[in-house]
Amino acid sequence: MLERLRGSIDANPRNLTSVMRAEGSGSDLDQGFRVSAEALGFCFWEAAMTQLEIARKGTISPQMSLVAESEGVEAELIRQGVAEGTIVIPANPGHKNLVPGGIGRGIKTKVNANIGTSSDFGDMDTEMEKLQVAVDCGADAVMDLSTSGDISAIRRAIINASPVMIGTVPIYQAGIKAVSRRGAIVKMTVDDLFSSIEEHARDGVDFVTVHCGTTRAAVDQLKKQGRVADVVSRGGAFLIGWMLHNERENPLYEHFDRLLEIAREFDVTLSLGDGMRPGCIADATDRPQIEELIAIGELVSRAREAGVQVIVEGPGHLPLDQIEANVQMEKSICQGAPFYVLGPLVTDVAAGYDHITGAIGGAIAAAAGTDFLCYVTPAEHLSLPDPEDVRQGVIASRIAAHAGDIVKGVKGATDWDRQMAVARKKLDWEEQARLSLDPELAHRVHSKHASVGKACSMCGEYCAMELVEKYLGVSVVRC
């Protein structure tokens, strides 16, 4: 069955038309799965157990095998990582055309692209275009952060169209519904919040950001700290406002077991959000941030005990010299759980260029052991990103992720660069473009100015590599 499944995946799994098809319907597997075929022929897994529970039984699931194949590693390495919680495979059985991907130790650093409508702009068409751009540019995951329009319809369309992991922040929709029904976010009920989480899980979302560690203790630290930017997490702000108004503990923390029940039922990976993440360099690595991280560390253990996959979100805005320390703290406090960071941005003054700011921080974070980078676009702090912003954000974060993978020794990372070096030595422009992160851009820039010889127009007839080969007899290095 697995071999038939493998053979059915399109040669380019990022193509939106690519789906996983299984022959037949209702075939039973001894791994806690039933392989089914819907009317469209999509293959999905109705999970009797989560990926974590399967891995702990010593079984390699079809998803684990596919992740291992895409990473070029042994399937047992993936199974061990999932069993330990150092690798997750966000793969909701309801996401029918998902090509499973892994996040964690020993495998490629992954990149997420945020899309979604705002109260000012965006609709179904704009977000589907952004999804297409993100996937075409090589994003490993996409988060739908929509806060206007038919939020449920947009989310379901994105899930149905996407071959990559999809994440959401359910409290956005819960808060917006509370405004519509009761007049204010602070009037959201606990049932409202968990109803939204379950709706997202039932729709097929692979991972959800839940700010469970934003506790009353963390809010007390926030009051004492005297931050410059206070709270920049929208989900965190929703919860903090609710907690202060109602004088109650964060319902995601207080009722964490209820959250675990939903996550386990749908095998949704919990992305424990950082509602206290620093929103400027001046607030980096302060008491509210660390207080929240300690609480998250405790929740990581509880999630694993319940058989639920979990990752941990991190800052944010950090100066260069604090990035590695933040990664080490997360890995220690959260027992090696995969770390998911926004950027991090290493300066606050690069408005319009924050995709570069984020890529600088992302490269350092990835090299230090971060597993998952949330992209930052040129529109950060300024506007809702458009498709071109999405493209630039994904490419910048992929550069950062790959730079980190070289340092971490991820399989195949240095091989890619060596192949590019050989193509450059040979002045093979087609191969250089093919190996580039953005082949179309490489082609376009190279053809901008004509050159009299084989070299590019930068050096023309005085190309260093061409001269050395001609006069010193240095031949092209072979891979």
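## The largest cavity: its lining

The lining of the largest cavity is made up of 5 nonpolar, 3 polar and 5 charged residues. Keep in mind as you look around that this is a predicted model.

Volume comes next: the largest cavity holds about 100 Å³ of space. Its lining counts 13 residues, and those closest to the centre are Q289, L293, E313, G314 and P315. Three elements, α13 (287-305), β11 (310-314) and α14, each give two or more residues to this lining. The top contributor is α13, which provides 4 residues. Across the model, the count of cavities of 30 Å³ or more comes to 8.

Now let's turn to C334. You will find C334 in the loop that runs between α14 (320-333) and β12 (339-342). The relative accessible area of C334 is 0%, so this residue counts as buried, the cut-off for that class being under 20%.

Which residues touch C334, once its neighbours within four places in sequence are left aside? The contacts are L293, I296, G297, V300, R304, V312 and M329.

## A distance to check

Key
Residues numbered from 1 in each chain as written. Predicted model: local features only at pLDDT ≥ 70, side-chain atom pairs only at ≥ 80, totals over all residues. Heavy atoms only, no water. Buried < 20%, exposed > 50% of the residue type's maximum accessible area, 1.4 Å probe, protein only. Contact = heavy atoms within 4.5 Å. 1 Å grid on protein atoms, 1.4 Å probe; cavity = no way out; pocket = protein on both sides within 12 Å on 5 of 7 lines; lining within 4 Å. Points joined across faces, edges and corners; volume = space filled by probe spheres on them. Nonpolar A, V, L, I, M, F, W, Y, C, P; charged D, E, K, R; others polar.
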